Amino acid sequence: MESYAFVHFSLNTYTDQSWGFGNEDVNLFNPKDLDCRQWARTCKEAGMKGIIITAKHHCGFCLWPSKYTAYSVKNSPWKNGKGDVVREMADACKEYGLKLGIYLSPWDRNDPDYGKPEYITYFRNQLTELLTNYGPIFEVWFDGANGGSGYYGGANETRTIDRTTYYDWKNTYALIHKLQPNCVIWNDGGDRGDLRWVGTEAGYVGETNWSLLNATGDVPYNMLHYGLENGNAWVAAEVNTSIRPEWFYHPAEDTKVKTLPQLMDTYYHSIGRNATFLLNFPIMPNGLINERDEKAALEFGKAVKEAFAVDLAKIKKTAASNVRGNNKDFGAGKAVDSDNDTYWATDDDVKTASLTIDLGKPTTFNRFLVQEYIPLGQRVKAFTVEALVDGSWKEVANATTIGYKRILIFPSVRATKVRLNITDSKSCIVISNIGVYDAPQILTAPSIIRDQSGKIIVNPADKESVVYYTLDGSAPTTTSKKYTGPFQTDGKLDVKAIAGDPTTGKSSPEVEEKFDLPRKDWRILGISDEKANAVLDGDPATVWHQGKDAKMPVDLVIDLGKEESLSGFRYLPDPGLWGPGIITTYQFYVSADNKEWKLVDEGEFSNIKNNPLIQIKNFAAVKARYIKLRALKNTEGNDNTGYAEVDVITSQP
Ligand code: FUL
């Protein structure tokens, strides 16, 4: 299916939360303009093949009138309790020729029985409702999150379960197979399903990506990311990411919708790396996809179509270094014949071979697409792509695995021939399709940081482009001020920038960063480690960890230099892949004198492990000179505490 959508919609939509606790009021659910047809139309026009809906998220609220709980749409004011979002979604999918998928959270922070054996019956009853009453379901999605604490029918406690045994997945899978034999199972907790998570929600799978894992045993994050070359089960990768930073709708993210270059990047790092692409749309409280998200999705669909509109390799003359039994049914031409059921194959013992395509005349291209014939498994371990430029062969790209589809990106090259060299394979080579394309240039926005001294530093994504910026909130154009190097600033600041190509006149989407107080006079107290300045240096790539002696609760105390009016704080954890020391439970204190501390905020950073985004917390305005971020728990259950950035939000203009 290549690409399909997620929609996140629940009570969280009305509380601005990422994870509901399970006690949120059902009366909040009242989408005035709910229109699942708008969701379906957007996804269809963006080129997607299906939609997976959060029928029940961790808070336990059900978007369908389940017989087994009161915590559902049936007790909400929406349509006087007569509505069913899953039904409306199913109808809209049918109308637009899309498949329907179901997200049913195994963790339920509302149900009183969660943690007991009774809950498994409840879970299966709900699954049965969903897999019986809404027509064919193509995928079920069992989120692995199990945070522990919750409302649980009023118990308000922490309940822990063993993710590998509690749900008795084997029997749940049997139920799914019985009710929906063609449905694939996505599961990252316990028994292997048919599809796997890729170990990050940032929108990419490993450059090496095997569609294999072992059917039993533990699967660490890195194995999810790269697959397992000699695994014994076919568990293809699915890259899930949101069109905004978070999964649910938050008005504050209206300016953070992924741009076209970011979406294209995700495309190349998912579908272009042998994975499917599951793109999430957060639904707004009124029941619609925001028009910015809709616009971004349509632009994206159009750009993908444009990039792959003309295949320069189709029905061109081909030659291969080896053809299975010299039989023309396995000849090189089968890789460029537009038929994915025919393929070029080599003799059994031939695991290195090349295939040359004669483009007929000097031709410019910048993308190379290759597919293995997947019904015969995934085989290729390494390959290169060469172009014949002015009579000599030049390597333009190299990579490891291929699988269902692999797309390589390289700077435009003008050549008369292109050659695929398979340099290592698990078995003889079976290639069903090759494509060569000249995708239009899409410029990527630059990144903006402000260092501790107040200097603005803008980094273009590629060296050729020129950066233009504004400081007055206006939209930058190629006639705005040119960025020539870091410059000094003071006070609150709104910086907007674009990258422009002076030769083509094209420009990137705009990037905007808002900076609060300058941090020149800030000091981290009680720490002698110089590296601690990484917390204040404005650079998300530098991370500092408290030393080995720090034991939970771990405090980070900062002197702001003078009294400020504070109304919130920001915490950026290590944003890399599987960064250590990510705080999940925190308290935030302020003080006038570094002696008497006042607790102004506490809580959890929901979903921070899988999606290590900047966390923004607001509280009632308070004047203070000192701040203290206290870590109570991290994602690993140890004492490691790390920070890429800590910043405050002030209430002064
Ligand atoms: C995560 C969840 O905890 C998020 O809230 C979201 O639903 C995402 C798709 O999966 O693990």
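**Salt bridges, domains, cores and rings**

Reader: How many salt bridges does the structure hold?
Author: The structure, which is a predicted model, holds 26 salt bridges.

Reader: Which residue does Arg159 meet in a salt bridge?
Author: Its partner is Glu157, with N and O at 2.7 Å. Arg159 is buried, at a relative accessible area of 14%, whereas Glu157 is partly exposed, at 36%.

Reader: And which residue forms a salt bridge with Lys496?
Author: Glu510 does, and the closest N and O atoms of that pair are 3.9 Å apart. Lys496 lies in strand E25 (residues 493-500), while Glu510 sits in the loop between E25 and strand E26 (511-515), so the bridge ties together parts that are 14 residues apart in sequence.

Reader: Is Lys496 buried or exposed?
Author: Lys496 counts as buried because its relative accessibility is 12%, which falls under the 20% limit. Glu510, at 36% relative accessibility, counts as partly exposed.

Reader: What about Arg523, which residue is its salt-bridge partner?
Author: Arg523 pairs with Asp559, and their closest N and O atoms are 3.4 Å apart. This pair links distant parts of the chain, with Arg523 in strand E27 (residues 523-524) and Asp559 in strand E29 (residues 554-572), 36 residues apart. Asp559 counts as buried, with a relative accessibility of 3%.

Reader: Changing topic: what does the domain assignment give for the chain?
Author: The assignment gives domain 1 (3-307), domain 2 (317-437), domain 3 (447-515) and domain 4 (523-650). The C-alpha centres of domain 2 and domain 3 lie 41 Å apart.

Reader: Which residues does the UniProt annotation "domain: F5/8 type C" cover?
Author: According to the UniProt record, an unreviewed entry, that annotation covers residues 303-439 and 499-651. Residues 303-439 are 4% helix and 53% strand, and the end C-alpha atoms of the span lie 9 Å apart. Over residues 499-651, the chain is 0% helix and 49% strand, with the end C-alpha atoms 32 Å apart.

Reader: On to packing. Which residues touch the most other members of the largest nonpolar core?
Author: That core has 85 residues, and the ones touching the most other members are Phe29, Trp39, Val85, Met89, Val140 and Phe281. The core draws at least three residues from each of domain 1 (3-307) and domain 2 (317-437). Another core, of 35 residues, lies apart from it and has Leu355, Val389, Ala415 and Ile422 among its members.

Reader: Take Val85, then: which residues is it in contact with, leaving aside neighbours within four places in sequence?
Author: With those neighbours left aside, Val85 is in contact with Phe9, Phe29, Leu34, Cys36, Trp39, Ile53, Leu63, Val73 and Trp78.

Reader: Now the rings. How many aromatic pairs does the structure hold?
Author: The structure holds 49 aromatic pairs. One of them is the edge-to-face pair of Tyr166 and Tyr167, at 5.0 Å centre to centre and 65° between the planes. Both Tyr166 and Tyr167 are buried.

Reader: And what is the geometry of the Trp169 and Tyr173 pair?
Author: Trp169 and Tyr173 form a tilted pair, with 6.0 Å centre to centre and 35° between the planes. Both residues lie in helix H5 (residues 169-179), four residues apart, about one turn of the helix. Trp169 is buried, with a relative accessible area of 3%, and Tyr173 is buried too, with 8%.

Reader: Which residues do ring pairs link into a cluster?
Author: The cluster contains Tyr114, Tyr119, Tyr122, Phe123, Phe142, Tyr152, Tyr166, Tyr167, Trp169 and Tyr173.

Reader: Finally, the backbone. Where is the peptide bond that is cis?
Author: The peptide bond from Met552 to Pro553 is cis, with omega near -5°. Pro553 is found in the loop between strand E28 (544-545) and E29.

Reader: And what is phi for Trp578?
Author: Trp578 has a positive phi of about 55°, although it is not a glycine. Trp578 lies in the loop between E29 and strand E30 (583-591) and is partly exposed, at 34% relative accessible area. Asn594 also has a positive phi, near 65°. Asn594 is in the loop between E30 and strand E31 (597-604) and counts as partly exposed, at 33% relative accessibility.

Methods: Residues are numbered from 1 along each chain as its sequence is written. This is a predicted model: local features need pLDDT of at least 70, side-chain atom pairs count only at pLDDT 80 or more; totals for chains, interfaces and linings use all residues. Side-chain values use heavy atoms; hydrogens and water are left out. A salt bridge is a side-chain nitrogen of Lys or Arg within 4 Å of a carboxyl oxygen of Asp or Glu. Buried means under 20% relative accessible area, exposed over 50%, partly exposed in between (1.4 Å probe, protein chains only). Helices (H or I, at least four residues) and strands (E, at least two) are DSSP runs, numbered from the N terminus. UniProt positions are given in the numbering used here, feature names are shortened, and annotations may be inferred rather than shown by experiment. A nonpolar core is a set of buried Ala, Val, Leu, Ile, Met, Phe, Trp, Tyr and Cys residues joined through side-chain atoms within 4.5 Å. Domain bounds come from an automatic or database domain assignment. Contact means heavy atoms within 4.5 Å. Rings of Phe, Tyr and Trp (its six-membered ring) pair if their centres lie within 6.5 Å; planes under 30 degrees apart count as stacked, over 60 as edge-to-face and the rest as tilted.
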